[in-house]
Amino acid sequence: MSRRMAKVISTELLENKDAKWINLVKITYEDENGQVRTWEAMKRPGRPKASAVDAVQMIAVLQKPTGPELLLEKQFRAPAGKIVVEFPAGLVDEGETPEQAALRELREETGYVGEVVPDRGGSRPILFSSPASSSSSTFLIHLNIDPDKEENQNPKPQLEDGEFIECFWVPLSNLYAECRKLESQGFAIDGKVGVFAEGLEMSKIWPSR
């Protein structure tokens, strides 16, 4: 049986006292000329005290004889009003490291069990998704998916109530073209996925010598 299409019914202003995940804040700051200015922004109220970031995004890769493939998700996002193509992702919970959060979220959203690939630079850069409007920050964590693991033979997601996620694999070499095709079909492309795809495409146009 086919699922009903999600859709936005209405949009209304929300008071901070009624907000669970995001607050609207007014920031007062001093610019380079010493002039005091204000800025409106969004802030997540629940970042763990010991965590440098609010969330994690997972670049989960499965190595196949035909080449590496990337795990992506399709999920309706109300602010976009569309089904969005995204990396698996989630918030860091109190008491866990970003790496633990990445493995937990991967298992919950996709059913796959991954292995963290150590960052080659020593420490991961903190990425701000939309610094002009939000202080929300994230790590991109690389994960390897071992197809021989028993849990990965028939992965079973552990979705929460209200989560409707479709997982699919895309060859890394074809990611840019796949994003273009999906957008033409009416899907929205998450900015991080789009920039990642653009980077891969640029490496083909301007290869290092």
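User: Which residues make the nonpolar surface patch of about 410 Å²?
Analyst: That patch is made by Trp-21, Ile-22, Leu-24 and Met-42. Trp-21 itself lies in the segment before β1, the strand of residues 23-30. One thing to keep in mind from the start: this is a predicted model.

User: Good to know. How many helices and strands are there in the protein chain?
Analyst: The protein chain has three helices and eleven strands. Going along the sequence, the pattern reads β-β-β-β-β-β-α-β-β-β-β-α-β-α.

User: And what does the C-alpha trace span along its principal axes?
Analyst: About 60 × 50 × 40 Å. The chain has 209 residues, and 32% of them count as buried. Its accessible surface comes to about 14,200 Å², with 53% of that belonging to carbon and sulfur atoms.

User: Back to β1. In which sense do β1 and β2 pair?
Analyst: They pair in the antiparallel sense, over eight bridges, with β2 covering residues 36-43. Within this pairing, Ile-27 stands opposite Trp-39 of β2.

User: Which residue takes a positive phi in the hairpin of β1 and β2?
Analyst: That's Gly-34, with a phi near 85 degrees. The hairpin has five residues between its strands.

User: Let's go inside. Which residues have the most contacts in the largest nonpolar core?
Analyst: Val-56, Met-58, Ala-60, Leu-106, Ile-141, Leu-143 and Ile-145, in a core of 15 residues. At least two residues of this core come from each of β3 (55-64), α1 (98-110) and β9.

User: What does Val-56 touch, leaving out residues up to four places away in sequence?
Analyst: Quite a list: Pro-88, Ala-89, Gly-90, Val-92, Pro-98, Ala-101, Ala-102, Thr-138, Phe-139 and Ile-141.

User: Where is Ser-136?
Analyst: Ser-136 sits in the loop between β8 (127-128) and β9 (137-145). Setting aside residues up to four places away in sequence, Ser-136 touches Arg-44, Asp-54, Leu-127, Phe-128 and Ser-129.

User: Why does Ser-136 count as buried?
Analyst: Because its relative accessible area is 14%, and buried means under 20%.

User: New topic: how many salt bridges does a search of the whole structure find?
Analyst: It finds 13. One of them joins the side chains of Arg-37 and Asp-31, at 2.7 Å from N to O.

User: Are those two buried or partly exposed?
Analyst: Arg-37 is partly exposed at 37% relative accessibility, whereas Asp-31 is buried at 13%.

User: What about Glu-201 and Lys-204, how far apart are they in helix α3?
Analyst: They are three residues apart in α3 (residues 191-205), so about one helical turn separates them.

User: Which residues do salt bridges with shared partners join into one network?
Analyst: Asp-93, Glu-96, Arg-104, Glu-105 and Glu-108. Within that group, the side chains of Glu-105 and Arg-104 meet at 3.2 Å, N to O. Glu-105 is buried, with 10% relative accessibility.

Definitions and conventions:
Residues are numbered from 1 along each chain as its sequence is written. This is a predicted model: local features need pLDDT of at least 70, side-chain atom pairs count only at pLDDT 80 or more; totals for chains, interfaces and linings use all residues. Side-chain values use heavy atoms; hydrogens and water are left out. Patches are made of residues with over 30% relative accessible area and no salt bridge: like charges are joined within 9 Å, nonpolar side chains (Val, Leu, Ile, Met, Phe, Trp, Tyr) within 5 Å. Accessible areas come from the Shrake-Rupley method with a 1.4 Å probe; for residues, only the protein chains shown count as cover. A salt bridge is a side-chain nitrogen of Lys or Arg within 4 Å of a carboxyl oxygen of Asp or Glu. Helices (H or I, at least four residues) and strands (E, at least two) are DSSP runs, numbered from the N terminus. Buried means under 20% relative accessible area, exposed over 50%, partly exposed in between (1.4 Å probe, protein chains only). Contact means heavy atoms within 4.5 Å. A nonpolar core is a set of buried Ala, Val, Leu, Ile, Met, Phe, Trp, Tyr and Cys residues joined through side-chain atoms within 4.5 Å. Two strands pair if DSSP finds at least two bridges between them.
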